[in-house]
Amino acid sequence: MQPLKYSQLGWVVPIILICILSYFPLFMHLEALPIRIWDEARLAVSACEMNLDHNFIVVHFDGKPEMWSTKPPLMIWVQTCFIKIFGVRELAIRLPSALAALLTILLIIIFSTKLLKDHWFGIIATLLLITSDGYVHHHGTRTGDYDSLLTLFTTSYCLAFYFFIESGKNKYFNLFYLGLTLAVLTKGVQGFFFLPSLFIYILTIKGKIVDIFRNKSLYINSLLFVCIIGSYYLIREHLNPGYINAVTENELGGRFLTSPEGHYHEFLFYFNQLIDLRFTDW
């Protein structure tokens, strides 16, 4: 067997290097700060209670069904698994977010190398991510919130959909639905965030939307998706009456369409956050 040429190995060293570099922003001193109040603390308490009561369907907080954070429990399931491995400590709560970020980085590099044939594009993109406060700070990769895991799955299904459109292979369509399912199980309706953009994308390609609607995988995967997601919500409602109404208030209306808890800001608040705080250096 002939040894691999440098051109075949040229992308391996940069990927190994970026994985080593990612240790510092993603994993180093991950337990240095105590659990932060609000979202991270609430998930941490729910994960600890799930570890004790072994109720993997109805999430609890302070001994009662959780009706304030009504997201599906995938993140809390993962945190509970890490509690069983590492014990009740900050590492168990935050490691799922850090690992999700590492997988997101690898996913972007694989996409860049496989489809764009340019590993440096992926490496530069990941360097921007792991050096941006908006990605690695609170509500990001270094705290036990939903967002890093959600980012992994939304990135996965967007890239899988692109691969499907470019190649026409149904295995990527299946991966798209898998990513979508996991995204919704992570943070509910926020998992659908990129679907309008993907729909606009396929409208720009002549005849592609017709091909998709002729593809039987669309209907099989859609049925599986509805069965999996619907089953969780219906079982949770059966065990925890009022849950679907709380979801409606939290995610489909109510506080979702208003400014609750004193969060009143100017129209360009989120845009200014990107410029002035979250991605300042870039």
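1. In this predicted model, the largest nonpolar core comprises 62 residues. The residues with the most contacts inside this core are Leu 26, Leu 149, Tyr 157, Phe 161, Phe 173, Phe 176 and Ile 212. Helix H8, spanning residues 147–167, gives the most to the core, with twelve residues.

2. Leaving aside residues up to four places away in sequence, Ile 212 touches Phe 161, Phe 164, Ile 165, Phe 173, Ile 202 and Leu 218.

3. The structure holds five salt bridges. One of them joins the side chains of Glu 31 and Arg 89, at 2.6 Å from N to O. This pair links distant parts of the chain, 58 residues apart: Glu 31 lies in the loop between helix H2 (12–26) and helix H3 (39–53), and Arg 89 in the loop between helix H4 (74–86) and helix H5 (90–114). Glu 31 is partly exposed, at 28% relative accessible area, and Arg 89 is also partly exposed, at 35%.

4. A further salt bridge is formed by Arg 94 and Glu 40, whose closest N and O atoms are 2.7 Å apart. Here, too, distant parts of the chain are linked: Arg 94 belongs to helix H5 and Glu 40 to helix H3, 54 residues apart. Arg 94 has a relative accessibility of 2% and therefore counts as buried; Glu 40 is buried as well, at 1%.

5. Asp 62 and Lys 64 also form a salt bridge, with 3.5 Å between the closest N and O atoms. Asp 62 counts as exposed because its relative accessibility is 53%, whereas Lys 64, at 49%, is partly exposed. The cut-off for exposed is over 50%.

Definitions and conventions
Residues are numbered from 1 along each chain as its sequence is written. This is a predicted model: local features need pLDDT of at least 70, side-chain atom pairs count only at pLDDT 80 or more; totals for chains, interfaces and linings use all residues. Side-chain values use heavy atoms; hydrogens and water are left out. A nonpolar core is a set of buried Ala, Val, Leu, Ile, Met, Phe, Trp, Tyr and Cys residues joined through side-chain atoms within 4.5 Å. Buried means under 20% relative accessible area, exposed over 50%, partly exposed in between (1.4 Å probe, protein chains only). Helices (H or I, at least four residues) and strands (E, at least two) are DSSP runs, numbered from the N terminus. Contact means heavy atoms within 4.5 Å. A salt bridge is a side-chain nitrogen of Lys or Arg within 4 Å of a carboxyl oxygen of Asp or Glu.
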